[in-house]
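Hi everyone, thanks for making time this morning.

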Amino acid sequence: MSKTTMRLDRFLALTNAAKSRSDAKKVLKMQAVTVNGTICRLAEQQVDPESDPVMVNGVLLTYRKYRYFVLNKPAGVISATKDRISETVLTLIPEADPKDYFPVGRLDKDTEGLLIITNDGAFAHNLTSPAKKVPKTYFTKTEGQVSEEGIRMLTCGITFSDYTTKPAKFEFLSYEDGFTECLLTITEGHFHQVKRMFHEVGNDVVFLKRIAIGGLRIPEGLMAGQYKEFSREELDEAISQLY
Ligand code: URA
C-alpha cells in the first residue's frame with residue numbers, strides 16, 4: 001500500500017462527493033460507491049487517491065491534491081484558520097478544511113479584497129517571499145491630501161525602526177472632501193505595512209482594499225465574502241500577467 005493512501009470517507013469529502021466525513025458515511029450507505037470497480041460501504045477503506053478509481057453512482061471522482069480559492073475578503077473577518085472570537089476567512093469557504101487550508105499572507109481584519117486560500121505550502125511560500133517581489137496593489141483612501149514629499153517617501157522607501165520599505169508605486173486617483181484615493185503597489189508584506197507607510201507621511205488610512213496580486217484581479221462579479229476556485233495553471237497565469 002502506498003503511503004499516499006487515505007480513508008474512503010476522507011476521499012469522498014475531499015472530492016466534494018460528500019459535504020463532510022460524517023456525510024460520507026451516509027453517501028456510502030445510500031449510494032453506490034465503487035473502489036476499483038467493487039462496491040464499497042466501508043468508511044475506513046484505504047484508497048490511493050492517485051491511482052484507485054473511485055466512482056459514485058458511476059461518476060468518476062477526480063482528486064486534486066492542492067486547491068486554490070480566490071476570496072474577495074470582506075471587512076470584519078480575520079486572516080487566520082481559527083479564532084476564538086471572530087469569524088475567519090476559512091469560515092467563508094466551507095470546502096476548505098481549516099486543518100489543511102490557510103490564507104496566503106494576511107490582510108488586516110478591516111482590510112478587504114484579494115486573498116488566496118490554499119493547502120499548498122510551497123505555492124504560498126513563493127508568493128509571500130520578499131525575494132520573489134510579487135507586486136500587491138492596494139486601493140487606499142486616506143485622510144488629507146498626500147503631499148509631493150509624502151509621495152516621494154512612499155515611492156522611494158520609508159525607514160521604520162524595524163525595516164526600510166522597498167520602492168513602491170503610487171498612483172493618484174482623486175482628492176475629494178478631504179480624502180485622497182490612490183493605489184499603492186508594494187512588493188513586500190510587513191504587518192500593517194500600507195497603513196504604517198501612509199501614517200508616516202501624515203495621511204491615515206480610512207479604507208484599504210487589495211485589488212491585485214501581480215496581474216490577478218478580483219474576478220468580475222465576485223462580491224465581498226464570495227470566492228472562486230482556480231486551477232494552479234489559471235492562477236499562475238493570472239498572477240504573472242502585467243497589472
Ligand atoms: N497593509 C496593511 O496595512 N494592511 C493590510 O491588511 C495589508 C497591507
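**The chain as a whole**

Of the 243 residues in this chain, 44% are buried, where buried means under 20% relative accessible area, exposed over 50%, and partly exposed in between, with a 1.4 Å probe and protein chains only. Please keep in mind that this is a predicted model: local features need pLDDT of at least 70, side-chain atom pairs count only at pLDDT 80 or more, and totals for chains, interfaces and linings use all residues. Residues are numbered from 1 along each chain as its sequence is written, and side-chain values use heavy atoms, with hydrogens and water left out.

Along the principal axes, the C-alpha atoms fill a box of roughly 70 × 35 × 30 Å. Six helices and 15 strands make up the secondary structure; these are DSSP runs, helices being H or I with at least four residues and strands E with at least two, numbered from the N terminus.

There are three domains: domain 1 (6-60), domain 2 (68-130 + 224-230) and domain 3 (135-213). Their bounds come from an automatic or database domain assignment. Between the C-alpha centres of domain 1 and domain 2 the distance is 28 Å.

**Two pockets**

A pocket here is an open set of points on a 1 Å grid over the protein atoms alone, where a 1.4 Å probe fits, with protein on both sides within 12 Å along at least five of seven lines; lining residues have an atom within 4 Å of a point. The largest pocket holds about 460 Å³ of space, a volume being the space filled by probe spheres set on the points, which are joined across faces, edges and corners. It has 20 lining residues, and closest to its centre are Ala13, Leu14, Lys19, Glu95 and Asp97. Helix H1 (residues 8-14) gives the largest share of that lining, three residues.

So where does the largest pocket sit? It lies between domain 1 and domain 2, because both give residues to its lining.

The second largest pocket has about 350 Å³ of space. Its lining has 22 residues, with Arg106, Tyr138, Gly189, His190 and Arg210 nearest the centre. Domain 2 and domain 3 each contribute at least three residues to this lining. Helix H3 (121-128), E10, helix H5 (193-200) and strand E13 (205-213) each supply at least two.

**Strand E12 and its neighbours**

Now to strand E12 (residues 179-186), which has six of its eight residues buried. Which strands pair with E12? Strand E10 (residues 136-143) runs antiparallel to E12 and is joined to it by eight bridges; strands count as paired if DSSP finds at least two bridges between them. One place to look is threonine 140, whose bridge partner in E12 is cysteine 182.

Strand E11 (residues 169-176) also pairs with E12 in the antiparallel sense, over seven bridges. There, serine 174 has glutamate 181 as its partner in E12. E11 and E12 make a hairpin with two residues between them, and aspartate 177 in the turn has a positive phi of about 50°.

**One more sheet**

Finally, four strands form an open antiparallel sheet in the order E3-E2-E5-E6. Strand E3 (38-39) and strand E6 (59-60) are its edges, each pairing on one side only. Two bridges join strand E5 (residues 54-56) to E6, and valine 56 stands opposite valine 59 in E6.
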